[in-house]
Amino acid sequence: MKDYPVLGKKDTRSGFGDGLLELGKTNENVVAMCADLTGSLKMGAFKEAFPDRFFQAGIAEANMIGMAAGMTIGGKIPFTGTFANFSTSRVYDQIRQSVAYSDKNVKICASHAGLTLGEDGATHQVLEDVGMMKMLPNMTVINPCDYNQTKAATIAIAEYEGPVYLRFGRPSVPIFIPEDMPFEIGKGIMLNEGTDVTIVATGHLVWKALEAAKELEGKGISAEVINIHTIKPLDEEIILNSVMKTRCVVTAEEHQIAGGLGESVSSLLCRTIPTPQEFVAVDDTFGESGTPDELMTKYGLDAVDIVSAAEAVMRRK
Amino acid sequence: MADITQLKSISSQVRRDIVRMVHANNSGHPGGSLGCVEYFVALYFEIMNHNSSDFDMDGFDEDLFFLSNGHISPVWYSVLAHSGYFEKSELATFRKLNSRLQGHPATEEGLEGIRIASGSLGQGLSVGIGSAMTKKLNGEDSLVYTLHGDGELQEGQIWEAAMYAAANKVDNLIATVDYNGRQIDGDVEDVLSLGDLEGKWKAFGWEVIIEDKGNDIESVINVLNKAKTLTGKGKPVMILLRTEMGQGVDYMMGTHKWHGSAPNDEQLSNALSQLEETLGDY
């Protein structure tokens with residue numbers, strides 16, 4: 001299978017911070033707002049370089065989202081930053097009315113998504129955010145997989161006119177997407193071609209999907225691995241082309257099954273090519289305190305879980 | 001200053017529009033709309049520098065207005081139409097299927113004059129602050145105006161925004177509270193008292209002006225002009241504008257009952273008999 005050398009290890013939130021800093025230099029309309037989590041969101045460099053374009057909202061996320069919507073009137077492109085749970089569930093009505101329904105050019109940038117937030121526990125481990133955000137008309141939902149892709153996505157969404165939810169995480173994870181790979185909103189990436197099973201993964205699960213594919217190869221199973229970074233709008237073509245070949249699919253994500261990428265995929269497939277599918281995702285439960293690795297193992301989001309799901313779904317063909 | 005007689009004449013027609021629009025589809029919010037007529041007429045015909053003939057979402061070098069208590073959309077739609085943002089005949093579509101005049105203001109169908117959706121309460125002050133900050137970044141000296149219901153101040157987001165605007169010296173913003181003392185369930189005092197409202201805004205760091213004659217066009221113009229003189233001095237400005245819910249229609253005044261109810265045919269005739277048709281009904 002195609003080899004993806006590990007180029008290093010870094011957190012995806014640093015990709016956001018570095019992308020934002022670059023945008024600060026290249027696009028004077030980009031402004032940044034943060035709700036008392038500048039360090040966690042890696043927004044410090046932007047704040048230091050462009051103090052006039054950085055707005056500290058304090059611990060008042062609803063106001064931050066409303067202000068961001070207002071700032072778009074007159075041409076600014078606000079990037080809001082806070083944890084994923086405070087970026088979504090806490091401010092859902094503000095996003096719904098002032099951003100999505102009003103179709104404002106706000107970029108809602110959310111860190112510490114999912115179980116890999118770790119020790120802080122379930123209060124902070126939002127696993128429902130993708131579902132909430134993808135349900136909103138006008139909203140684009142993006143969940144990049146490593147530092148390079150997050151940086152590229154951050155830069156790309158400034159060029160796109162409209163509301164975007166950009167989801168990334170806390171832990172240091174392998175960098176394997178080439179730095180120069182272009183980021184195209186709504187376009188999936190074929191990471192490995194295969195014939196027996198399709199694995200569609202997003203976020204931190206993409207690297208695990210590649211690890212799983214390697215293990216499956218050892219067992220004589222040829223896995224196709226697709227990276228869906230844009231959950232909405234979904235790249236239907238790349239998924240349909242793949243399942244027409246493999247006739248079964250595993251979806252993998254750090255999110256609830258309900259509302260996640262897997263549901264988007266199954267919704268597509270049941271309307272086009274009904275296909276056996278297995279979900280590697282959290283099954284209707286909250287998380288808990290623990291290290292990111294411990295949590296991913298306990299809640300069944302490891303490479304080994306993808307391998308089992310692939311074997312299970314192939315039996316259902 | 002514009003001719004006061006003329007502004008009163010516009011106000012009377014706007015009131016007719018409001019009751020007719022709400023009656024025509026048997027839904028909407030006449031009470032607060034009638035109470036805020038003088039505020040809207042003063043704002044759009046005297047106070048704001050705005051371009052009604054060539055609407056631009058960004059509103060560069062224009063004063064901007066945001067309605068936070070979106071349910072009083074009838075008064076806004078009528079005043080926008082009379083200001084020339086869109087044809088008065090479109091008022092007949094209010095709350096009907098396929099209309100640009102949604103029950104609560106929306107941007108989706110590109111209705112000229114509307115820059116953000118409102119209706120879910122408490123969000124407009126934040127939006128106004130954001131817009132005011134963008135004007136500062138763009139080097140404009142235009143002002144941003146917002147209007148809020150007094151019941152709406154029960155929403156927590158208002159106070160997040162109040163804190164932010166004062167702490168960050170957003171002083172190109174003039175917010176107004178429609179201080180009519182009534183909300184859907186009854187008197188604000190009984191539903192959830194706002195306590196010392198003037199003291200609250202002052203304590204949050206705002207410049208506060210109280211105007212008791214919120215339904216007297218000259219007084220409203222004067223207080224808005226006074227508010228303008230207070231901008232640019234490091235503090236956001238708040239006007240607590242005492243109005244009468246249902247002003248102009250006797251049976252709608254002195255009660256909260258016409259907050260969100262439409263008059264029937266007989267009640268409409270009664271209301272219209274109290275409001276002179278000055279500019280022609282739509």
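User: What should I know about the numbering and the thresholds before we start?
Analyst: Residues are numbered from 1 along each chain as its sequence is written, while chains are lettered from A and ligands numbered from 1 in the order in which they are written. The model is predicted, so local features need pLDDT of at least 70 and side-chain atom pairs count only at pLDDT 80 or more, whereas totals for chains, interfaces and linings use all residues.

User: What do the confidence scores look like for chain B and for the model?
Analyst: Chain B has a mean pLDDT of 97, with 100% of its residues at 70 or more; pLDDT is the predictor's confidence in each residue, from 0 to 100. The model itself scores ipTM 0.97 and pTM 0.98.

User: Why is Val265(A) called buried?
Analyst: Count the C-beta atoms, placed from the backbone: 20 or more others within 10 Å means buried, 12 or fewer means exposed, and in between is partly exposed. Val265(A) has 26 others within 10 Å, so it's buried. Val265(A) sits in helix H10 of chain A; helices (H or I, at least four residues) and strands (E, at least two) are DSSP runs, numbered from the N terminus.

User: Which residues does Val265(A) touch, apart from its sequence neighbours?
Analyst: Leaving aside neighbours within four places in sequence, Val265(A) is in contact with Val200(A), Ile239(A), Val249(A), Thr251(A) and Gln277(A). In contact means that the two C-beta atoms, placed from the backbone, lie within 7 Å. There's also Leu234(A), 31 residues apart from Val265(A) along the chain, with 8.2 Å between their C-alpha atoms.

User: What else is buried in H10(A), and what does it pack against?
Analyst: The buried set in H10(A) (residues 261-271) is Leu261(A), Gly262(A), Glu263(A), Ser264(A) and Val265(A). Those residues pack against several elements of chain A, including helix H6 (129-134), helix H9 (236-246) and strand S13 (249-256).

User: What makes H4(B) largely enclosed?
Analyst: In helix H4 (residues 73-83) of chain B, 11 of the 11 residues are buried, so the rest of the structure largely encloses it. Among them are Trp76(B), Tyr77(B) and His82(B). The cover includes helix H1 (4-24), helix H2 (30-35), helix H3 (37-47) and strand S1 (64-67) of chain B. Just after H4(B), Gly84(B) has a positive phi of about 100°.

User: Why are H3(A) and H5(A) called roughly parallel?
Analyst: They pack at an angle of about 5°, with axes 9 Å apart. Axes are lines fitted to C-alpha atoms, for helices over the stretch in contact, and angles run from 0 to 180 degrees between N-to-C directions. Under 35 degrees is roughly parallel, over 145 roughly antiparallel, 65 to 115 roughly perpendicular and the rest oblique, so H3(A) counts as roughly parallel to H5(A).

User: Which residues meet there, and how do they divide by class?
Analyst: From H3(A) come Ala62(A), Ile65(A), Gly66(A) and Ala69(A), meeting Gln94(A), Ile95(A), Ser98(A) and Val99(A) from H5(A). That gives five nonpolar, three polar and no charged. The nonpolar class is Ala, Val, Leu, Ile, Met, Phe, Trp, Tyr, Cys and Pro; Asp, Glu, Lys and Arg are charged, and the others, Gly among them, are polar.

User: How many residues of chain A are in contact with chain B, and which helix gives the largest share?
Analyst: 22 residues of chain A are in contact with 29 of chain B. Helix H3 (61-71) and helix H5 (92-101) of chain A each supply at least two residues of chain A's side, and H3(A) gives the largest share, eight residues. By class, that side has nine nonpolar, 10 polar and three charged residues.

User: What makes Asp103(A) and Asn98(B) stand out, and are they buried or exposed?
Analyst: Asp103(A) has a positive phi of about 50° although it isn't a glycine, and Asn98(B), also not a glycine, has a positive phi near 70°. Asp103(A) is buried because 20 other C-beta atoms lie within 10 Å; Asn98(B) is exposed because it has 6.

User: Where is there a cis peptide bond?
Analyst: Between Lys232(A) and Pro233(A), with omega about -5°. Pro233(A) is in the loop between S12 and H9 of chain A.
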